[in-house]
Each structure stands twice: as C-alpha cells, then as structure tokens.
Amino acid sequence: MTITVRELVSLPNLRSWVLSGSGGLDREVSWAHVSEMPDPTAWLEAGDLVMTTGLGIPEGAEAQRAYVERLANAGLAGLMIGHRMRAPELTEALIRVADERAFPVLLTSYEVPFASVSRVVAEANRGEEHTRLIEVLRLYETVRAAAATASGAGLAARLGALIGCELFVVEPGTGHSLLPGAPRAPEKVRRALSAEFRARREPMPAVLRLGVGGRSALAISTATSRPAAMLVLPGEKPGVPEPDLSVLRHVSSVLSLEVEKETAEREKRRRLGAELLAGLIDGRLPPESAAGPLAERDLGEEPRVIVAGQIDAEGSPDLYADLENSAVPHLLLRRLPFVYALLPDAAEPLENLRSGVGPKAPIGVSAPLGRLSRAPEARREARWALEEARTGGSLLARYGEGEAPYFLPRNLQEAERAVTHFLGALIDYDRGHGTDLVRSLRIFLAHNRSWRRAAAALKVHPQTLVYRMRRVEEITGRKLDNTDDVATLWFALRAGETSEG
C-alpha cells in the first residue's frame, strides 16, 4: 500500500506539519525528491513529493500562486519546505491556492534531513515498486513478441494499447509524425506542442504537460539524432490516472529506436535519390536504368519538371524532410549554392519546394521533361528560368514563359552562341593547357577588378592574377581597361552561367 501525505506528517521522527492544503492529505506519495528548480514538474512524476530548501520558490504573491498551480496541475503529491532554510516569505496567495486545490504544503524542521523522508517513502512503497517493475517487464515482453510482426506505427499502437494511451512520435517544432503510416496526432495537441517548443530558448525538458481543450497530454523528450517527442494522450474515461512516467520513459526508449531506423531509411532514400538525379542531369545514367527507380518514387510519368532554386537564410534547414513529410514525390540534389529537384509539374509540389527554399526565394522551372535523356537540357532550362525570376522579381518562373534579362540572350541556344563567340577561345585554351583563366576572369570582374580582393578569393599572389589577366586579353582580343570590352566579357560569363547550370 502506498504511503499517504497524512501518514508522513504523522511520523514523529520526520517532525513535519501542514501549512495549507489539508484537504489533500490523503494523496498517495510514490516518491520524495529534492528539487530547487523554479518548475520541477518536467522532471517529476504524478504522485511525487517535492522537497525544497526554498531556493526554487519565487518571491511575490502572483509568482508563488503560479508555482503551486504548476505543481498541482502536474498531479504531484505535495510540497515539503525546509523550515527556516532559504524560502522567501510565504504569501497568503500561496496558502490560499494550496487550500483551494487541496494541495498539501508542508513544513519540516531544519534538523530533519530530506534523505530521511525519501527513505521512509521508499520503504513504505516497496510493493508498489515491484508492481511497477512487473509493468515494465510486460512492456518489453510486448516489444519482443511484436518485433517479428510490427514496427513503427504498428508497434506504437500496440504499446499504446498496453498502457491505455494514444501514442504519437512527432517532430516537436512542426508536429509531423516521425513514424511512417502512423495517424496524425490531434491538431490542437500538435499546435500546443509546436508553440511551446518554439517559445523555449532552452532545450525541451524531459516532460511537458499540455492542457488542450480540457484533455491532458504529455510530451516526453525522446533521445534520437533528430528533434523528437512522444505525445501521450491518456484515455478520456473519467478517473483514469496519468500513466506512470517511468514506464512512459521506457516506451519512449523503445520508440526512439524505431525513429532511428526510419531516420536511417530516410537518409538512404535521400542519398540514392540525389545520386539518381545527379546521374540524370549530368547525362551519366542511361534513361532505361533510371525508369524503374523513378516509377518506385511515383515519378515515372509526365508531367515532370526539373526545378532550380537557391536556399536563403530563412529557408528550411531540412528541405528533404519537409518534402518527405508532405508526401511529395521528388528527387533532391544540393550543388551549392543551388538545389535541384525533379518534381511532378503540379501546383502543390512546386509550392512546397518554393516555400522550403525561403519565403522570398525564387525558383526556376524547366519545360516539361518528356524523355529522360532531356534531363541535362532541362537542368539548364531551370537555371535560366531561375535567373529570369531573380531579375523579374517573381517567386516562380517557367522556362520560355517570361522575358529574359535585358542584357542576356533570349534562350539557351542564343546563350550558347554568345558564350562560344566571346569566350570560346578562352575555354579552349583552358581545356588544352589545364589553366583556369575563365574562372579567374569571372572572379576578377565579380570583385570589381580589385587585384587584391580577387587574388585573395582565388588564393593566388596578385602578380599571378596580373599575368592571368594579360593572357585573357591576348587570347580574347579584349582589354580589361575598356568598359565596352569588360561589359561584353561579363555578359558572356553571365550567359554561360545560366546556360551551363
């Protein structure tokens, strides 16, 4: 039988007495724990007795009222304060709210060690601890029996049924499920968790208690390589007690392994998808070899497009996860500073990608892909369209539907002719001699013909850059101190960037 607060107070050797909340003296005490935290509820379980020297108790009537409210809402057994230790003056507001909530607030003599209280509770509750151990053993027996037939969402459902709760494992910032095939947690609960998580500057505590529409919910921090929380919704029948937190932590540990398995699978899908897209847009992968993998990812049929974007500072740190969570068929490839994607040509997939690169970041969309052998050309079209979007101030541009930047050719064919005409000799020289004159010219002009800054960017001596620019002048027949020649070379370089991708 679990010891009660009344029985603790009645023990002469503990020398404790009731300050307020006498209506709750029959509350059962499952454990007694010292905590000086301003909000100890994240680390304690329902039925625990909080013992404090007073360091964690705030000053002032309103703050003390809120402190007791938090403890009572968490289902704790009571609060024991060391008499004449370090507590601030205990206000009438604290005493009144403890009486209203029937939440026992006790004082214990300075000479009584808190360890004595803990020993009394532990000895009295030895049978309860045995029952708890049996429950944990039943939990792991369920895991062992289900291992061959259930995983992920199925395992979460079985564990939830065992402890009489609904269980959801989610990303706390967004509420997205981290177990494939699992039902979504109720929207109000997901919103409450996301708001609480985003508002916190410190890491998520071990336990968050969320009150949503009169229904209590717990969020248990889950130890995984990515942010994760296990949402626990107890049964809605009246009188159903909150599940034991130690058991819930064991459940969380089991489900964290399922999350890690899914994370590894997701990373494998991401890597293979990136390799598949790279092979297509580089022209290295035969179309017949790509047809099967694309069909498996629901990308086997038209209309499909290649999309180019550049993630800005406000963009998603994990664009791939965002696309996975929204169930958008996709291949994604990062080639800094750009990101390329193969997507169905539909409004929702395109908007999901566009919002992921950033609220104000544009994307460029190729013409319909058609034949897989057209992927390299479609990649260049997407880059061209991205340049159109940037200069035109739009968030999305499609190849061939907008106006080209006034200083650039109107299409890829014109761009390729411009590059060949103005830079062809320089490109051929680099290929034949293993030099880097085109890149050196681009960086020199990008740094406004500053010898010092351009040389630093290239990591060469300024005199080396002087020599390279002299060779550029000799090969192209253009002078870098002539505005018309500089403009011609710069526009040709820009045309080459957008056409090459």
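Accessible areas here come from the Shrake-Rupley method with a 1.4 Å probe. On that basis, the protein exposes about 24900 Å². Carbon and sulfur atoms supply 52% of this area. The model is predicted.

The protein comprises 501 residues, of which 48% count as buried. Its secondary structure consists of 17 helices and 14 strands. Contacts between residues at least 6 apart in sequence were also examined. Of these, 67% join residues at least 24 apart.

An open sheet is formed by five strands. Their order is E1-E5-E4-E3-E2, and the pairing is mixed. Strand E1 (16-20) and strand E2 (31-34) are the edge strands, each pairing on one side only. From one strand to the next, the twist averages 30°. Strands of a sheet pair through backbone hydrogen bonds, either parallel or antiparallel. For strand E3 (residues 48-52) and strand E4 (residues 78-82), the sense is parallel, and the pairing runs over four bridges. Within this pair, Val 50 has Leu 79 in E4 as its bridge partner. Helix H4 (residues 114-124) packs on the sheet. Helix H4 touches E2, E3, E4 and strand E5 (105-108). The direction of H4 makes about 160° with that of E2.

The loop between E5 and H4 contains Ser 109. The relative accessible area of Ser 109 is 12%. Buried means under 20%, so Ser 109 is buried. Neighbours within four places in sequence were left aside when the contacts of Ser 109 were listed. On this count, Ser 109 is in contact with Arg 15, Trp 17 and His 83.

A helix pair was examined next. Two packed helices are described by the angle between their axes and the distance between the axes. Helix H14 (residues 437-446) and helix H16 (residues 462-476) pack at an angle of about 110°. Their axes lie 10 Å apart. Angles of 65 to 115 degrees count as roughly perpendicular, so H14 is roughly perpendicular to H16. On the H14 side, the contact is made by Leu 437, Ser 440, Leu 441 and Phe 444. These residues meet Leu 465, Arg 468, Met 469, Arg 471, Val 472 and Ile 475 in H16. By class, the contact has seven nonpolar, one polar and two charged residues.

Technical notes
Residues numbered from 1 in each chain as written. Predicted model: local features only at pLDDT ≥ 70, side-chain atom pairs only at ≥ 80, totals over all residues. Heavy atoms only, no water. Pairing = 2+ DSSP bridges. Helix = DSSP H or I, 4+ residues; strand = E, 2+ residues; numbered from the N terminus. Axes fitted to C-alpha atoms, helices over the stretch in contact; angles between N-to-C directions. Contact = heavy atoms within 4.5 Å. Parallel < 35°, antiparallel > 145°, perpendicular 65-115°, else oblique. Nonpolar A, V, L, I, M, F, W, Y, C, P; charged D, E, K, R; others polar. Buried < 20%, exposed > 50% of the residue type's maximum accessible area, 1.4 Å probe, protein only.
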